[in-house]
Amino acid sequence: MPREKYLDRKFFTNEPELVAPKLLGATLVVESSPKLALELVEVEAYGGALDVASHAFRGMTKRNEVMFGPAGFLYVYFTYGMHWCANITCSKEGVPGAVLLRAGMPAEGISTMRRNRNRDDIKDQDIANGPAKLCQALKVDGSWNGLDIFGRTSNIKLVANESTDFEIGQSNRIGVREENPLPWRFFIKDNIFVSKYRG
DNA sequence: TTATTGATGGTCT
DNA sequence: GACCATCAATAAG
């Protein structure tokens, strides 16, 4: 068995649309008790000067300021009056960018994740097949916003993908209305843990 | 199976 | 006041 290889900040110090596909297959680990882990199977990139759909497009606000900071921080936002969604910031400091974590395959702590979702009868593939479901399964909320993933106090780790034995699909992003859509959604092809909803 | 809709509140104009 | 990087329940086919 190869030793676990962790991603570092350098991995995220790049354009979000370049980081996003490389995150597929990586494992997000939350060191709670019990430990929770899921393999990322769907992500979306946001940011840059041309991305009208990005929260950062109209400049810095209280909500989106983390996107303008350095790479490797959590950007967690509240939406639709009831849901949290989590991103990891990308790009160099001063340039807004983030990758939205849209879906994952539960790998460890599955029963806890199912309980966190307040549904004891759902299938494994429905535990984290959407950005808000993923947050609910991992108990991520607004208090996690701004967390430095690579800081001393972080309880989050990202394990690099051991295998790249999968095909990457690409599409427009879900739930956004834009005149000239950017194909910045990336997912593992034919993977049943990918979200089902469309815009 | 797909399509539609109500829930619910922060953020920004 | 309008819009939302969503979800689950319900209706329709």
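The accessible surface of chain A comes to about 10700 Å², and carbon and sulfur atoms hold 50% of that. Areas here are Shrake-Rupley values with a 1.4 Å probe, and for residues only the protein chains shown count as cover.

Some ground rules. This is a predicted model, so local features need pLDDT of at least 70 and side-chain atom pairs count only at pLDDT 80 or more, while totals for chains, interfaces and linings use all residues. Residues are numbered from 1 along each chain as its sequence is written, chains are lettered from A and ligands numbered from 1 in the order written, and side-chain values use heavy atoms, with hydrogens and water left out.

Overall fold. Chain A has five helices and eight strands. These are DSSP runs numbered from the N terminus: helices are H or I with at least four residues, strands are E with at least two. The order along the sequence is α-α-β-β-α-β-β-β-α-α-β-β-β. The radius of gyration is 16 Å, close to the 16 Å from the globule rule for 199 residues, so chain A is as compact as a globular protein of that length. That radius is taken over C-alpha atoms, and the rule is 2.2 Å times the number of residues to the power 0.38. The C-alpha trace spans about 40 × 35 × 35 Å along its principal axes.

Contacts next, meaning heavy atoms within 4.5 Å. Take those in chain A between residues at least 6 apart in sequence: 60% join residues at least 24 apart.

Now the interior. Buried residues make up 48% of the 199 in chain A. Buried is under 20% relative accessible area, exposed is over 50%, and partly exposed is in between, with a 1.4 Å probe and protein chains only. A nonpolar core is a set of buried Ala, Val, Leu, Ile, Met, Phe, Trp, Tyr and Cys residues joined through side-chain atoms within 4.5 Å. The largest one has 45 residues, and L7, F12, L23, L101 and L138 touch the most other members. Strand β2, residues 36–47, gives the largest share, six residues. A second, separate core has eleven residues, including F68, Y75, C85 and L100.

Look at L138. Setting aside neighbours within four places in sequence, L138 contacts L28, V30, L36, L38, M113, N116 and W144.

On to the rings. How many aromatic pairs does a search of the whole structure find? Four. Rings of Phe, Tyr and Trp (its six-membered ring) pair if their centres lie within 6.5 Å; planes under 30 degrees apart are stacked, over 60 edge-to-face, the rest tilted. F11 and F12 sit 5.1 Å apart at 70°, so that pair is edge-to-face. F12 and F150 make a tilted pair, 5.9 Å between centres and 45° between planes. F12 is in helix α1 and F150 is in the loop between α5 and β6, so this pair ties together parts 138 residues apart in sequence. F12 is buried at 0% relative accessible area, whereas F150 is partly exposed at 26%. F11, F12 and F150 form one aromatic cluster.

Last, the backbone. S33 and P34 are joined by a cis peptide bond, omega about 0°. P34 is in the loop between β1 and β2. S91 has a positive phi near 70° and is buried, at 5% relative accessibility. N118 also has a positive phi, near 60°, but N118 is exposed at 60%.
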